[in-house]
Amino acid sequence: MKIAHLTSAHPRHDIRIFVKECSSLAAAGHEVTLIVADGQGEEIRNGVRIHDVGPKTGGRLSRMTGTVKRVYQAALKLRPDVVHFHDPELIPAGVRLKQAGIKVVYDVHEDVPRQILAKHWIPGAVRPLVSGGFETLEDWAGRRFDAIVTSTPHIRKRFEKLGAKALDVCNFPILEELVRDTPWESRRNEVCYIGGISRIRGIEPIVAALPGTSTRLNLAGPWSESDLRAKVTAEPGWARVNDLGVLDRKGVAEVLARSKIGLVTLFPTPNYVDALPIKLFEYMAAGMPVIASDFPVWREIVDDAGCGVLVDPQDAAAISAAINELLGDEARMRALGESGKRAVLNKYSWAAEADKLIKLYATL
């Protein structure tokens, strides 16, 4: 089958899009092209052809028009059997490609209508209106696409209620990347946070918690708010941060192998309370205990796996206390880490999710 994955916003080597979905479909024998907009040129990797339509244009609005148009035109010219797109701004392009006779899959990474309610760049007074308007568009289009792939069961249920053909393909870890036989004794007295860095992802309470501990934080990921970094780096806790920037997958694996605790303390926004954050499962795969936000869905996972402790993510003192509690008991940390690793090996691996995706394509 000739397949084109489309993104106008994500990087070409995005973990979900390229590393997991495109590479798995190519390994299953499909002819896969990933159309991106980054100005880095053509590339073939993991059996996937990456086609670049040039750099993104200007700001957010310009990207949603000019860049989206170039991605759409490249997909139309390619004429694949299936288009699988990953950004909400590509919904109109998906509708037009469907009208052109191409099967279309919409990959819903986030519960976008709920995510809009927490967007800092949208004035608070109009967020409910924008959220409602987008949900109406997404529901209308979702009924017309050939399949909806979602990152969580919660989002999948929303589209099933609309009568759409929906399948959850969760962002569980690729075991070969992160599961190592790292001796516990070789780990340093450090905690880590991996992934996007923003206010609602909890960076401020995490850094505020550090002066009350004897640890250092390994921080790796992109900052999403221009003013936030200047504010956080001026805090006393920043002296205890190893600022690692954006790492490749090898670098992420190295950080996970050397740290003792993984932090996933996202704020209780409507989009996060039912999410399945990839970092939670990557920490577990790496054999370290987690300190996670006390949300019902996350509590079920952490308690079932016996892999960590839960805290109020907006309470720096609670995060500090949890770090000290775990770091003070090496045997407990080791046991929690081993329990989490077993849960990933038995229940939360990418191999099973890839199989679900490949079987979905066989039905299109």
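Where is the place of Glu138? I start there, and the other points follow in turn; please keep in mind that this is a predicted model.

1. **Glu138.** This residue has its place in helix H5, which covers residues 127–142. Glu138 is buried, its relative accessible area being 0%. Leaving aside residues up to four places away in sequence, Glu138 touches Ile91, Tyr106, Val108, Val112, Pro113, Arg158 and Phe159.

2. **The eight-stranded sheet.** This is an open sheet with mixed pairing, and its strands come in the order E3-E4-E2-E1-E5-E6-E7-E8. The edges are formed by strand E3 (43–45) and strand E8 (166–168), each of which pairs on one side only. On average, neighbouring strands in this sheet are turned by 20° against each other, with direction ignored.

3. **Strand E4 and its partners.** Strand E4 spans residues 48–52; Val48, Ile50 and Asp52 make up its covered face, while Arg49 and His51 make up the uncovered one. With E3, the pairing is antiparallel and runs over three bridges; Arg49 is the bridge partner of Ile44. The hairpin of E3 and E4 has two residues between the strands, and Asn46 takes a positive phi near 55° in it.

4. **E5, E6 and the helices on this sheet.** Strands E5 (residues 82–85) and E6 (residues 103–108) run parallel and are joined by four bridges, with Val83 opposite Val104. Helix H3 (residues 91–99) lies across strand E1 (2–6), E5 and E6, and runs at about 160° to E6. Helix H15 (residues 350–362) also packs on the sheet, where it touches E1, E5, strand E7 (147–150) and E8; the direction of H15 makes about 160° with that of E8.

5. **H1 against H15.** Helix H1 (residues 15–27) packs with H15 at an angle of about 60°, and the axes are 10 Å apart. The two helices are therefore oblique to each other, and H1 passes H15 in a right-handed crossing. From H1, Lys20, Glu21, Ser24 and Leu25 meet Trp350, Ala354, Leu357, Ile358 and Tyr361 of H15.

6. **The six-stranded sheet.** A further open sheet has six strands in the order E11-E10-E9-E12-E13-E14, with parallel pairing. E11 and strand E14 (308–311) each have a single partner strand, so one side of each is left without a neighbour in the sheet. The twist from one strand to the next averages 20°. Four bridges link E13 and E14 in the parallel sense, and Val309 in E14 is the bridge partner of Ile291. Helix H13 (residues 316–327) lies across E9, strand E12 (261–264), E13 and E14, at about 165° to E14.

7. **The nonpolar cores.** The largest nonpolar core has 59 residues, and Leu217, Leu256, Tyr283, Met284 and Ile291 have the most contacts inside it. Among the residues that Tyr283 touches, not counting those up to four places away in sequence, are Cys192, Ile194, Leu256, Leu263 and Val290. A second, separate core has 33 residues, including Ile35, Val71, Ala75 and Leu90.

8. **Helix H10.** In H10 (residues 249–258), the buried residues are Gly251, Val252, Ala253, Val255, Leu256 and Ala257. These pack against helix H7 (175–178), strand E9 (190–194), strand E10 (216–220), strand E11 (241–245) and helix H11 (278–285).

9. **Pro289.** This proline has its place in the loop between H11 and strand E13 (290–293). Pro289 is buried, with a relative accessible area of 0%.

Technical notes
Residues are numbered from 1 along each chain as its sequence is written. This is a predicted model: local features need pLDDT of at least 70, side-chain atom pairs count only at pLDDT 80 or more; totals for chains, interfaces and linings use all residues. Side-chain values use heavy atoms; hydrogens and water are left out. Two strands pair if DSSP finds at least two bridges between them. Axes are lines fitted to C-alpha atoms, for helices over the stretch in contact, and angles run from 0 to 180 degrees between N-to-C directions. Contact means heavy atoms within 4.5 Å. A nonpolar core is a set of buried Ala, Val, Leu, Ile, Met, Phe, Trp, Tyr and Cys residues joined through side-chain atoms within 4.5 Å. Buried means under 20% relative accessible area, exposed over 50%, partly exposed in between (1.4 Å probe, protein chains only). Angles under 35 degrees count as roughly parallel, over 145 as roughly antiparallel, 65 to 115 as roughly perpendicular and the rest as oblique. A crossing is left-handed if the near helix is turned anticlockwise from the far one by less than a right angle, and right-handed if clockwise.
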